[in-house]
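Try each one before reading its solution.

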Amino acid sequence: MRFEFVADRQTKIKTFLKGYDISKALLAKIKFKGGSILVNGKAENAIYLLSEGDQVVIDIPDEESHESLKPIKHELNIVHEDEHFLVLDKPAGYASIPSMLHSNTMANFVKGYYLEQDYPNKQIHIVTRLDKDTSGLMLFAKHGYAHARMDRQLQKKSIEKRYYALVSGSGKLAEKGEIIAPIARNDESIITRCVHPSGKYAHTSYEIVASYGDVHLVDIHLHTGRTHQIRVHFAHIGFPLLGDDLYGGDMSYGLKRQALHCHCLAFTDPFSKEHKEYNSFLTDDFDSVIMDLKNR
């Protein structure tokens, strides 16, 4: 895959390209795996001294697939696709990546899709993951360089993810609020997390969209991305998610999973510099509970 740049100052190639999220590892891959660096049409190495206005072209070699990840043919709900990114609407019930417990995952499905399309880059790069029983938007990078550029945005917390959740509890939930509470592993479980002073900083914003008695539909903005963050934070303030038996959620509404859906994903495309925003409708099980709540 080819990318073109114009030098804006006198500096070494490797220093200039670092500003475009091209790492030493990627430069090594270009050098040893069949790529190239051209300056004004002539091959150069990473320590070549650029002059302002030089035309820099890099050719990044294609990525072979990881043999350990099994491709599985499965229908995908593709919200957006271009040469750099793939946005999917994930159904509940599928993990993002394989583990000891899960082998039928979104990563397997995307690999199956890549092979079916015969894409030159076959490695799977997940930028934003979702829990197995959370539905909604996931972002995949279609090559390693795109993944590196989105990782930079993740570090800067400039990728916006918004979720809908149904929560319930006793007492009054403020119309909007900030939940800032550190999250740590639960010593009594290998799965659950908890709020604890020893944990990592975690920040969740929310606003109530609608209320149905003591059940509230909330729109949530994640500022950090800790494991089970939304579920832990709302359980911590006494309003766990419906259907979330792991964190004390109300199980009487017929939901077979936590009522959590990633409905909005927004970021700046690092290649086109355009602001991109993608949206997802609520799933049928989510909608069914809301209709039932309205009719009560």
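**Exercise 1.** Which residues form a positive surface patch?

Before the solution, a word on the model: it is predicted, so local features need pLDDT of at least 70, side-chain atom pairs count only at pLDDT 80 or more, and totals for chains, interfaces and linings use all residues. Residues are numbered from 1 along each chain as its sequence is written, and side-chain values use heavy atoms, with hydrogens and water left out.

*Solution.* Start with the rule: patch residues have over 30% relative accessible area and no salt bridge, with like charges joined within 9 Å and nonpolar side chains within 5 Å. A salt bridge here is a side-chain nitrogen of Lys or Arg within 4 Å of a carboxyl oxygen of Asp or Glu. Next, pick out the members: K12, K14, K18 and K24 make up the positive patch.

**Exercise 2.** Is K12 buried, partly exposed or exposed?

*Solution.* Then apply the classes: buried is under 20% relative accessible area, exposed over 50%, and partly exposed in between, using a 1.4 Å probe and protein chains only. K12 is partly exposed because its relative accessibility is 39%.

**Exercise 3.** Which residues form a nonpolar patch on the surface?

*Solution.* Look for I190, I191 and L246, which together have about 320 Å² of accessible area. Now zoom in on I190, in the loop between β13 (183-185) and β14 (193-195). With a relative accessible area of 78%, I190 is exposed.

Note on methods. Areas by Shrake-Rupley, 256 points an atom, 1.4 Å probe, with all protein chains shown as cover. Lys, Arg positive; Asp, Glu negative; His and termini not counted. Charge placed at Lys NZ, Arg CZ, Asp CG, Glu CD. Helix = DSSP H or I, 4+ residues; strand = E, 2+ residues; numbered from the N terminus.
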